[in-house]
Amino acid sequence: MDNFSFYAPTYFAFGKDAETQTGELVKRFGGSKVLIHYGGGSVIKSGLMGRVKASLEQAGIAYVELGGVKPNPRSGLVYEGIELCRKEKVDFILAVGGGSTIDSSKAIAAGTVYDGDFWDFYEGKPVTEALPIGTVLTIAAAGSEGSPDSVITKEDGMIKRGASGEAYRAKFSILNPALTQTLSPYQTACGITDIIAHLYERYLTNTQNVETTDRMIEALMKAMIHEGSKVIENPDDYDARANIMWAGMMAHNNSCGVGRSQDWTSHNVEHELSALYDCAHGAGLAVAMPAVFTYTLHHDLTRFVKAAVRVWGCEMDYECPEKTAKAGIEALRSFLISIGMPKNFEELGAREEDIEKLAHTCCYGSEAANGTISGFTTLDQKDVEAIYRLML
């Protein structure tokens, strides 16, 4: 296990009607004027926005609003939010929604107190300062409610990149599983896929002797398989949704990733798909993960064998461990298809003729890029092209 530091001070309010604590928590963490940032009309139609505003008003907290966040959140709305926060002298950002809304809120929070272009943080500049952030989560998926991470799509070139820093951790996050019961089966399945991907990105490590975090990741993946199947069959299963929501946070607050190198190849490869085609991130990951794993299988066969046996319950083939590893990847693919995820490029709306462009942007599409992506193993443009072709 590698040396590490870990500090994750987010306060979590979990359970039914937890959103009624919003005003109290904003006040506890020093907010006096809030930007409520959200996506479309669903939070309004459901009554959630009304309950959040009532809680803020009861606590004497002033607020302004900015809606319009889309999946794969855009830089244009971030700039609009920064301008609004400065004009209105906002001192706290409240994200009401899912991972896209939270990621956009984090970018606004950092950009508001920064003299330069917020996109600098998504080109590698460390995030050291931001307005305080709170979240009211409406979908279990990205884990942004507990993580120091944010992903934004730059509209100039449609480049999707991430930024990270402890200033991006929410001061508090409100997690009411009942709020996710209105999601479509497809949205729910996309969230389940994203959570599993966050776990695999940490599981695929080059660090030795990390049995504790290995077992934590394996347990969370097994919980996702069990609870994910239940919630697709019965969308109103509150307990299944509660387990998924907490697993989503645990998968990405990095408690499972400390002391070990991590991968993130599947995310790098997928970001180009959702940037170019605007597909759901989870759907893109469902197609990307099996292809990435198949291509990198022999970098460390034992990693994939371990996942196959411990997580997916595959029989160990001692004469040909590769068969066991491949069976685990196929079990992952079959599970994702069973919950309604796409299985190939065509079902994503992706095009074979775009593969060279996708791979080039993946490897060269930012100022910090050097022609490769690395994590579990290092891949160049030709490798990435080959991975996209496996998705056909």
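The buried residues of helix H12 pack against helix H6 (185–203), helix H7 (211–233), helix H10 (281–295) and helix H11 (301–310). Contact here means heavy atoms within 4.5 Å. Helices (DSSP runs of H or I, at least four residues) and strands (E, at least two) are numbered from the N terminus. The model is predicted: local features need pLDDT of at least 70, side-chain atom pairs count only at pLDDT 80 or more, and totals for chains, interfaces and linings use all residues. Residues are numbered from 1 along each chain as its sequence is written, and side-chain values use heavy atoms, with hydrogens and water left out.

H12 covers residues 321–338. Its 18 residues should span 26 Å at 1.5 Å a residue, and the end C-alpha atoms are 26 Å apart, which agrees. The expected span is 1.5 Å times one less than the number of residues. Thr324, Ala325, Gly328, Ile329, Leu332, Phe335 and Leu336 are buried in H12. They cover an arc of only 140° around the axis, which puts them on the same side of H12. That arc is taken from the directions from the helix axis to the C-beta atoms. An α-helix has 3.6 residues a turn, so residues three or four places apart point the same way. The face turned away from the buried side carries the exposed residues Lys323 and Ser338. Buried means under 20% relative accessible area, exposed over 50%, and partly exposed in between (1.4 Å probe, protein chains only). Glycine 340 follows H12 and has a positive phi, near 105°.

The largest nonpolar core holds 70 residues. Such a core is a set of buried Ala, Val, Leu, Ile, Met, Phe, Trp, Tyr and Cys residues joined through side-chain atoms within 4.5 Å. Tyr200, Val269, Leu273, Phe293, Val384, Tyr388 and Met391 touch the most other members. Valine 384 is in contact with Val269, Ala359, Cys362, Cys363, Ile373 and Leu379, leaving aside its neighbours within four places in sequence. Apart from this core lies another, of 25 residues, among them Ile108, Ala109, Phe121 and Leu131.

Six strands form an open sheet in the order E1-E8-E5-E4-E2-E3, with parallel pairing. Strand E1 (11–14) and strand E3 (62–66) are the edge strands, each pairing on one side only. Two strands pair if DSSP finds at least two bridges between them. The twist averages 20° from one strand to the next. Within the sheet, strand E4 (residues 92–97) and strand E5 (residues 133–137) run parallel and are joined by five bridges. Leucine 94 stands opposite glycine 134 in E5. Helix H4 (residues 75–88) packs on the sheet, touching strand E2 (33–38), E3 and E4. The direction of H4 makes about 155° with that of E3. Axes are lines fitted to C-alpha atoms, for helices over the stretch in contact, and angles run from 0 to 180 degrees between N-to-C directions.

Leucine 77 is placed in H4. This residue counts as buried, at 15% relative accessibility. Leucine 77 touches His37, Leu66, Gly67, Gly68, Val69 and Ile108, not counting residues up to four places away in sequence.

A separate pairing is antiparallel: six bridges join strand E6 (residues 149–154) to strand E7 (residues 159–164). Valine 151 has glycine 162 in E7 as its bridge partner. Four residues lie between the strands of this hairpin, where glycine 157 takes a positive phi near 95°.

Glutamate 227 is in helix H7, with a relative accessible area of 10%. Glutamate 227 touches Asp239, Ala240, Asn243 and Ile244, not counting residues up to four places away in sequence. The C-alpha atoms of glutamate 227 and aspartate 239 are separated by 8.7 Å, twelve residues apart along the chain. Threonine 180 lies in the loop between strand E8 (172–175) and H6. At 3% relative accessibility, threonine 180 counts as buried. Threonine 180 is in contact with Thr138, Ile139, Ala140, Arg241 and Met245, leaving aside its neighbours within four places in sequence.

Aspartate 17 has a phi of about 65° and lies in the loop between E1 and helix H1 (22–28). Tryptophan 264 has a phi near 75°. Its place is in the loop between helix H8 (238–252) and helix H9 (265–277).
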